[in-house]
Amino acid sequence: MTPEQNAALAALLARCALRDQRALADLYRQTSSKLFGVSLRICRREDWAEDVLQESFVNIWKHAGDYAAAKSAPMTWMTAIVRNRSLDWLRRPREQDGGEDFEARAAAIPADEPGPLAQTLAGEDARALATCMEGLDSKQRQSITLAFVSGLSHAELAAQLREPLGTVKTWIRRGLLRLKACLEQAGTTGA
Amino acid sequence: MKLSADARNRLAAEYVVGTQTHRVRARIAWLARGDVALRAAIATWNAMLTPLAAAAPEVTPPARVWRAIEARIAGRVFGSRPAVSVWERLGLWRFAAGLSAACAVLLAVYIQQMPAPSPAMSSVAVLSDDKQQPALVIMWPPQTKPQNRHVMVRALTQTAPPEGKSYELWMLPTPTSKPVSLGVIGRDARQVIELTAAASIMIPGIWGMAITVEPAGGSPTGQPTGPVIYSGPCVKIG
């Protein structure tokens, strides 16, 4: 995202806060493919991801007035809404056991982490993140990516990576701390 | 519950990376509502990790998703009646046709006489009373940097609110949208009003401004409650 793109999206959010429905339509046109991709990756079912995207945009519309106070980039703010909705949907307690869903989902989880980060991540912050991710142990990198991008829980990660739960939790925790230290050194946090 | 900085940071990190169970996530979301520092920690982790989301390929959603969103938001406006009727009732529509001749002349004279202010102003609104007599000029610089987040208010006539009342300045993004408060204005002939970040984003494209008479200290509801005393459209000058 360039500063100009960020400013344009922030302006659309400001207009949404004033109940300008055309601004929401523009916002949807510009961001829905990205956000649907994010949700689909986590939900791994089109119908669920569609419901999540719909709920997310209704939420963006309702809470656009809070955006300015969030002090974050527009895509960061909207992606957080979509990821939270996706994870809440995925982890929601269900009436039945939901065993079938879990099986189907587990089968659909890609064995590898998504492609080389340096290629998919554009922009300055993203480059710093990619560099710092490269500096992690491969196990730390893989578990953080699978958790953040593919929405795997601690338990799912342990099953997927065939490692004890405690080990996976430690990888994630240590990996995140190293990542934070590295990014703080690169001076990109809060940017 | 008071969290240590370490515990807060760990909870925020795990919340953002998303590995916790539904119950733990709900608990953290609940805690964050009353804990500014936890919200800030979550925002920091979001800012750090969100570029990772680009690893998920873009997929165009089916058209039915937008249709469903549109159906759910259609006709939703704040309050019990559409915002437009508030302003129709207040009579601002009279000014919709544009600057009156008197206003335009005054504006030209005023801009010529005014010493070049620093920073340079980008827009101006001349606010007139119901007899089209100009009473106040509001000017603001381009909103390109944080130190420009203000509007300058110049009173052209001696005017003061009745005892126990305040004048409140509003901006109107479009003739039909909900007014946004810029705050209460005082009695001085020259004043500067600071803008919030949200107001600063909005102000470059606004259509008009108005001043209403409100209870002392400003409208208790966040929307105009008293009569419009001055109003006028905005003009770009820079």
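Student: In chain B, what share of the contacts with a separation of 6 or more is between residues 24 or more positions apart?
Tutor: The share is 59%. Contact here means heavy atoms within 4.5 Å.

Student: What should I know about the model and the numbering?
Tutor: This is a predicted model, in which local features need pLDDT of at least 70 and side-chain atom pairs count only at pLDDT 80 or more, while totals for chains, interfaces and linings use all residues. Residues are numbered from 1 along each chain as its sequence is written, chains are lettered from A and ligands numbered from 1 in the order in which they are written, and side-chain values use heavy atoms, with hydrogens and water left out.

Student: How many helices and strands does chain B have?
Tutor: Chain B has 7 helices and 8 strands. These are DSSP runs numbered from the N terminus, with helices being H or I of at least four residues and strands E of at least two.

Student: And how much of chain B is buried?
Tutor: Of its 238 residues, 47% are buried. Buried means under 20% relative accessible area, exposed means over 50%, and partly exposed lies in between, using a 1.4 Å probe and protein chains only.

Student: What area is buried between them?
Tutor: About 5,100 Å², with carbon and sulfur atoms giving 71% of it. Buried area is the accessible area (1.4 Å probe) that two parts lose on being put together, summed over both.

Student: What about polar contacts and salt bridges across it?
Tutor: Between chain B and chain A there are 4 salt bridges, a salt bridge being a side-chain nitrogen of Lys or Arg within 4 Å of a carboxyl oxygen of Asp or Glu. There are also 13 residue pairs in polar contact, both residues at pLDDT 80 or more. A polar contact is a pair of N or O atoms within 3.5 Å; within protein, one must be able to donate a hydrogen and the other to accept it, and residues adjacent in sequence count only if both atoms are side-chain atoms.

Student: Take H4(B). Which residues are buried?
Tutor: Val65(B), Trp66(B), Ile69(B) and Ile73(B). Down the helix axis they fall within an arc of 95°, so they line one face of H4(B); the arc is that of the directions from the helix axis to the C-beta atoms. Ala63(B), Arg67(B) and Ala71(B), on the other side, are exposed.

Student: What does the buried set pack against?
Tutor: Helix H2 (21–43) and helix H3 (46–63) of chain A.

Student: Give me an example of a salt bridge between the chains.
Tutor: Asp88(A) and Arg25(B) form one, at 3.3 Å from N to O. This pair runs from helix H5 (residues 74–91) of chain A to helix H2 of chain B. Asp88(A) is partly exposed at 34% relative accessible area, whereas Arg25(B) is buried at 1%. Another is Glu50(A) with Arg64(B), where the closest N and O atoms are 2.8 Å apart.

Student: And inside chain A?
Tutor: Lys180(A) and Glu184(A) form a salt bridge, with closest N and O atoms 3.6 Å apart. They sit 4 residues apart in helix H11 of chain A, so about one helical turn separates them. Lys180(A) is buried at 17% relative accessibility, and Glu184(A) is partly exposed at 43%.

Student: Last one: where is Leu157(A), and is it buried or exposed?
Tutor: Leu157(A) is in helix H10 (residues 154–161) of chain A, and is buried at 0% relative accessible area. Beyond its neighbours within four places in sequence, its contacts include Ser143(A), Leu146(A), Ile172(A) and Thr19(B). The C-alpha atoms of Leu157(A) and Ser143(A) are separated by 6.9 Å.
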